[in-house]
Every structure is written in C-alpha cells, then in structure tokens.
Amino acid sequence: MGRLQSLIPSVALCLSLCCVVHGAIGPVTDLTISNADITPDGYTRAAVVMNGVFPGPLITGNKGDNFQINVIDNLSNETMLKSTTIHWHGLFQHGTNWADGAAFVNQCPIATGNSFLYDFTVPDQAGTFWYHSHLSTQYCDGLRGPLVVYDPADPYADLYDVDDDTTVITLSDWYHTAAKLGPAFPPGADSILINGLGRYSGGNASELAVITVEQGKRYRFRLVSLSCDPNFTFSIDGHNMTIIEVDGVNHEPLTVDSIQIFASQRYSFVLNATEAIDNYWIRAIPNTGTVDTTGGLNSAILRYSGADEVDPTTNATTSVIPLAETDLVPLDSPAAPGDPVAGGVDLALNLNFSFNGTNFFINGDTFVPPTVPVLLQILSGAQSATQLLPNGSVYVLPSNSTIEVSFPMITTDGVTNAPGAPHPFHLHGHTFSVVRSAGSTDYNYVNPPRRDTVSTGNPGDNVTIRFTTDNPGPWFLHCHIDFHLEAGFAIVFAEDTPDVASVNPVPTAWSDLCPTYDALGSSDL
C-alpha cells in the first residue's frame, strides 16, 4: 500500500479531460475518493465523490484488458467513514480474488491517506458493470459509478449505431441524510437521480439529465442500477427498448416497453430514434418513497436533436410489453449447469431467511464481518466451514461442481420471513442460471436467464439459481439492498479452498492493508 502514490502525473489534467469526455477513464487510471458538498437534486449535502464527481466517472476498457485502478483514499468525514474498498461489480476476478473489494471478505479496507492498486484482467467478459464501495453503507453516500467493458467483436454490433459515454444511463436513490445518521431501514429515498440529477418532492425545479439522440439513429443504451435500496420501473415515453445484454451476458434480443430493474442489475437495450423531433420523458419510478413523476420527479429527458430545450409534455402510458425475466434467453450456451431435472446438481442449498426486527438471518445466522478477511483466513490455513469465521456464515463449496441455491420466500402467521422484499441477491465471482424466477412456479433448465443479481421475489416465490464452481476463492452472496446487507443479510461461499492460495497470489500491498487498518483509531475507520 502506498502513501498517495499516483499512476497519473497530473490529476488536474486528467479531471479537465474527463469533463470533456463525460468522465470516462481507464483501464489504467487513478480513482481519488474524497468528500465534497454536492447538490444533485437542489439540496446540498456532504457526500463521497470520486475524482471530484458523483456518480463516479465512467471507467472503460476492452475485453482482454488489464485494468490497473489506483484507488487513492482522501476521505476526511468520519460520518461516512474514512476508510474504503471498491468492488468491481460483475467482474469474475478469476485469479485475483484479493481485488474483489468486499471488506472483510476479500480485503481489509484502505486507510485514509493511503492508496491501493486494484490490478486485474478481464479476459472473457464484456458488457455493462459498475463499481462501488463495499464497506458498510458507504456507497449510499455516493461512492458508486458505471464501468463498461467493450467487445471489439460484439455479436450485436450491427444492431446499433451509437454506443459511447453518452449512452450510459445510471439510476441512483439519493438521501438528504448520511446513511449512518438516518434510520437503519429508510422508508424511501428523498429523490431518484438519473445520470446524477433529479428533483425531490417539495424542492425546486432543479436541472434534469438530458440524453440527446439524432432522429434515425439506433442507440445502445446501458442502463445501470446504482441503487442502495429501491427497484425501478424504467421506461421512455413513446419508445420501445430491445434488450440485448443482462448483467454482462448477451441475451437474445427481446423488445419491451418497460424494465423493472433491481439494485445492482444492468441491461443494454437498443433504442431506435424514429419518433418525431421532440422531448420525451424518461421515467424511473421506485417501488418505495415518491412513486409519481409530477413536476419531473423520478425523471430525465430524451431530447431529439433540433427539439426545443424545454421539459417534455409527453404522457405516460400503460406498459403493454413489460420485461418478464422468464423471457430472457442467453445468446450462448443457454443450458443451466447440471442435469435438467429437479435436484440434478452436485450440491443443493436451501437458504432460509428470517428477521428479528434488527437483523436478517440466513439459516439461523446473521453475517457479522470478521476482523480477519475470509481470504486471509484461508491463506493462513483455515480450510473448513468450522474453521472459518464468521461462524455459520461461511459455506465451503467443492471444486468443479454444480451448485443449486434456493431462496424461499414464505409467510408465517401473516409475517414475511424477510420483510422489505423483493430482495435482489448478488453472487460475487460468477454469473448464474435463474432456473426459477420470481413470479413463476416453472423450472427452466434448457435456456434460463443468466445474470449475477436476481430478485428473490415475494412470499410464495422460491427463486432458484445454478452455477459451477470454477473460480477458487471466497465469494460474497448477499442482498444488494445495502441497508439489509448492513443488517447481516449475507453469507460467504468459500469455493475450492485447497486451491485458493495457488490460484490467487496476493501482492505485498494487499498484505499490508490489514496491519495499517488495524492500527487506526476509532475516528479514522
């Protein structure tokens, strides 16, 4: 770990250039994390920013690239934590488990006044991803941004004309109170931001994001949920959307007019700009909090070149072809791992949820971050579930095996086993086949959707996923409602523990993280 060592000689020059190209940086870059007052919705509050901006700058690279992202921690506001980690959401990190970024699973946090180089390669993935703090609820205070890995041999390249910095759309819930100072489970966000801008109920008509298109062109939009909590129903007045990618996995083209997108999910869709030259509302309606779009709430603007620079007057219409997850079919190798029958896997796990009013539990245990990261425990010789901490929350998985995980949602005496549903569950280090989706009782082993984050639905659902253990290391599986993760809604899969050390050699700087962090005083954590 270095003392503010920079990969780029002039951060000021970088920032000036970033502004010209809408903030795109990478794959070799500095990412400076600091605190600043920002006003994304007309209300000013202290926040966590990256290279001076929120959301964080778009990080880009190509399939096969070596990403070297030097994270410089300049945080000074202890309310939002001075330490940090960054998770590169959706990237497999095969051989670089130490760079996955989950605090106390894969690393100790980076201490303020220090830097840490995340050095990893993306050999076999392309698509839409994102990055965020994976320490407590820090990303709710701002540390979140988009990441795109382009495929020079994209099989869908002939379906669109434009795919660049201007076609990334981020959705964020925003709170006027810092996460540590607000309720443990906020009832709803103060505003919803699209590309970092929005309005709040009772506030002024502050600036909204404008996405400009040229009539007659086809656009690949990359929709990224940076949400801490709500899911969104996303639509663009007067336009259909043809989905081609789901969580970094190409899928058969599917045309819809609305997309329900859960925290941390991503979709690429093609939009044909064939409507009249005008302004059209882009809507992202959350499932909690303020759920209308009066006065531009929960909205942005799709503006055709040549249209007046005014708010749209288009009206919302009832969705007639909403996205159904069960309609998504992977483009390549669509079959689920294992045999195409119930129980046709090497290991099946059932995760029973519960809640005691304060904490969530999985199979009777709430996740409490260990003081020694799980990866370091494994490298130090711990191999079995009984040896690994936290007790009851680490599941050892055998190598080269097919795994099935079920997430039953039930109601007992009128009480849901996991309030706050639907819960989006994310598995690090993998994509998985969703053999049973929320809202469905059917099992599809032939060509189920493949993604890295899935809604576990509502009472009566039993969402079921399958994956193959081909990536040694400890991998977090957790609810991506960040307030629920903070309340222990997680487990760790310790995959192929005998091979973790040989597959994931760690750099000296990684080994230095824990001693530095452990020496911090309480006001510097």
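**Figure 1. The whole protein chain.** Buried residues make up 58% of the 525 residues in the protein chain. The model shown here and in the following views is predicted. Its secondary structure consists of five helices and 33 strands. Along the principal axes, the C-alpha atoms of the protein chain fill a box of roughly 65 × 55 × 50 Å. The radius of gyration is 22 Å, which agrees with the value near 24 Å that a compact globule of 525 residues would have. Among contacts in the protein chain with a separation of 6 or more, 75% are between residues 24 or more positions apart.

**Figure 2. Surface and charge of the protein chain.** The accessible surface comes to about 18,700 Å². Carbon and sulfur atoms account for 51% of this surface. The protein chain carries 18 positive and 53 negative side chains. The centres of these two sets lie 3 Å apart.

**Figure 3. Helix H5 and its buried face.** Helix H5 spans residues 508-518, and its buried residues are Trp510, Leu513, Cys514 and Tyr517. Seen down the helix axis, these buried residues fall within an arc of 80°, so they line one face of H5. An α-helix has 3.6 residues a turn, so residues three or four places apart point the same way. Thr508 and Pro515, on the other side of H5, are exposed. The elements that cover the buried residues of H5 include strand E6 (115-121) and helix H2 (374-379).

**Figure 4. Gln377 in helix H2.** Helix H2, which is among the elements covering the buried residues of H5, contains Gln377. The relative accessible area of Gln377 is 9%, under the 20% limit, so the residue counts as buried. Apart from neighbours within four places in sequence, Gln377 is in contact with Pro370, Val372, Ala382, Gln387, Leu388 and Leu389. Asp151 is 226 residues from Gln377 along the chain, and the C-alpha atoms of the two are separated by 37 Å.

Figure 5. Gly101 lies in the loop between strand E5 (86-89) and E6. Gly101 counts as buried because its relative accessibility is 0%. Not counting residues up to four places away in sequence, Gly101 touches Thr85, Ile86, His87, Asn106, Gln107, Tyr118 and His134. One of these, His87, is 14 residues from Gly101 along the chain, with 4.2 Å between the two C-alpha atoms.

**Figure 6. Asn444 in the loop between strands E28 and E29.** The loop that holds Asn444 lies between strand E28 (432-436) and strand E29 (450-451). Asn444 has a relative accessibility of 24% and therefore counts as partly exposed. Ala336 is 108 residues from Asn444 in sequence, and the two are 8.1 Å apart in space, C-alpha to C-alpha.

Figure 7. Most residues other than glycine have a negative phi, and most peptide bonds are trans. The bond from Gly26 to Pro27 is cis, with omega near 0°. Pro27 is found in the loop between helix H1 (11-20) and strand E1 (28-38). A cis peptide bond also joins Ala421 and Pro422, where omega is about 0°. Pro422 lies in the loop between strand E26 (415-416) and strand E27 (424-427).

Figure 8. Asp247 is not a glycine, yet its phi is positive, at about 50°. The loop between strand E14 (241-246) and strand E15 (249-256) holds Asp247. With a relative accessible area of 1%, Asp247 is buried. Ser264, also a residue other than glycine, has a positive phi near 85°. Ser264 lies in the loop between strand E16 (259-261) and strand E17 (266-272). Its relative accessibility is 0%, so Ser264 counts as buried.

Definitions and conventions: Residues are numbered from 1 along each chain as its sequence is written. This is a predicted model: local features need pLDDT of at least 70, side-chain atom pairs count only at pLDDT 80 or more; totals for chains, interfaces and linings use all residues. Side-chain values use heavy atoms; hydrogens and water are left out. Helices (H or I, at least four residues) and strands (E, at least two) are DSSP runs, numbered from the N terminus. The radius of gyration is taken over C-alpha atoms; the globule rule is 2.2 Å times the number of residues to the power 0.38. Buried means under 20% relative accessible area, exposed over 50%, partly exposed in between (1.4 Å probe, protein chains only). Contact means heavy atoms within 4.5 Å. Accessible areas come from the Shrake-Rupley method with a 1.4 Å probe; for residues, only the protein chains shown count as cover. Lys and Arg count as positive and Asp and Glu as negative; His and the chain ends are not counted. The place of a charge is taken as NZ of Lys, CZ of Arg, CG of Asp or CD of Glu. The arc is that of the directions from the helix axis to the C-beta atoms.
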